[in-house]
Amino acid sequence: IKVEPSLYPKLKLNKTSFIRTHKQTVIYRSDIGDKIGDLKSDYEDLFLEILVMREEFSKLVAAQAIDKKIRL
């Protein structure tokens, strides 16, 4: 999901950024650097779009895994 600094100024981004909803990973809180913003509070619509896209991808992966298992 493309994030333009001009549309989301509270994030204090220096350039256009992207949120990759299809590459999830677990990280520890201590491994996170300085907080740049709070999507949930400041940009709820963007936050919800990210959650929806992540959920759609997760469902697709699960459906493909189930379909592959059925064909075996």
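Is Leu13 buried, partly exposed or exposed? Leu13 counts as partly exposed, at 21% relative accessibility; buried means under 20% relative accessible area, exposed over 50%, and partly exposed in between, with a 1.4 Å probe and protein chains only. This is a predicted model, in which local features need pLDDT of at least 70 and side-chain atom pairs count only at pLDDT 80 or more, while totals for chains, interfaces and linings use all residues. Residues are numbered from 1 along each chain as its sequence is written, and side-chain values use heavy atoms, with hydrogens and water left out.

**Overall fold and dimensions**

- The protein has two helices and two strands, in the order β-β-α-α from the N terminus.
- Helices (H or I, at least four residues) and strands (E, at least two) are DSSP runs, numbered from the N terminus.
- The protein is more spread out than a compact globule, because its radius of gyration is 16 Å, well over the 11 Å that the globule rule gives for 72 residues.
- That radius is taken over C-alpha atoms, and the globule rule is 2.2 Å times the number of residues to the power 0.38.
- Along the principal axes, the C-alpha atoms fill a box of roughly 50 × 30 × 20 Å.

**Surface, contacts and charge**

- Of the 72 residues in the protein, 11% are buried.
- Among contacts with a separation of 6 or more, 53% are between residues 24 or more positions apart; contact means heavy atoms within 4.5 Å.
- The protein has 14 positive and 11 negative charges, and their mean positions are 7 Å apart.
- Lys and Arg count as positive and Asp and Glu as negative, while His and the chain ends are not counted; a charge is placed at NZ of Lys, CZ of Arg, CG of Asp or CD of Glu.

**The aromatic pair**

- The structure holds one aromatic pair.
- The centres of the Tyr8 and Tyr43 rings are 4.9 Å apart and their planes are at 90°, so the pair is edge-to-face.
- Rings of Phe, Tyr and Trp (its six-membered ring) pair if their centres lie within 6.5 Å; planes under 30 degrees apart count as stacked, over 60 as edge-to-face and the rest as tilted.
- The pair ties together parts that are 35 residues apart in sequence, because Tyr8 lies in the loop between strand S1 (2-3) and strand S2 (17-18) and Tyr43 in the loop between helix H1 (39-42) and helix H2 (44-71).
- Tyr8 is buried at 17% relative accessibility, and Tyr43 is buried at 12%.

- Not counting residues up to four places away in sequence, Pro5 touches Leu13, Asn14, Lys15 and Thr16.
- Pro5 and Thr16 are 11 residues apart in sequence, with a C-alpha to C-alpha distance of 6.0 Å.
- With the same exclusion of residues up to four places away, Leu13 touches Val3, Pro5 and Ile36.
- Leu13 and Met53 are 40 residues apart in sequence, and their C-alpha atoms are 22 Å apart.
- Lys12 is exposed at 67% relative accessibility, and its phi is near 55°, a positive value in a residue other than glycine.
- Most residues other than glycine have a negative phi.

**The loop between S2 and H1**

- Thr21 is in this loop, together with Arg29 and Gly37.
- Thr21 is buried, with a relative accessible area of 11%.
- Leaving aside neighbours within four places in sequence, Thr21 is in contact with Ile1, Ile50, Met53, Arg54 and Phe57.
- Arg29 is exposed at 76% relative accessibility.
- The C-alpha atoms of Arg29 and Glu49 are separated by 23 Å, and the two residues are 20 apart along the chain.
- Gly37 is partly exposed at 27% relative accessibility.
- Gly37 touches Lys10 and Leu11, not counting residues up to four places away in sequence.
- Gly37 and Arg20 are 17 residues apart along the chain, with 17 Å between their C-alpha atoms.
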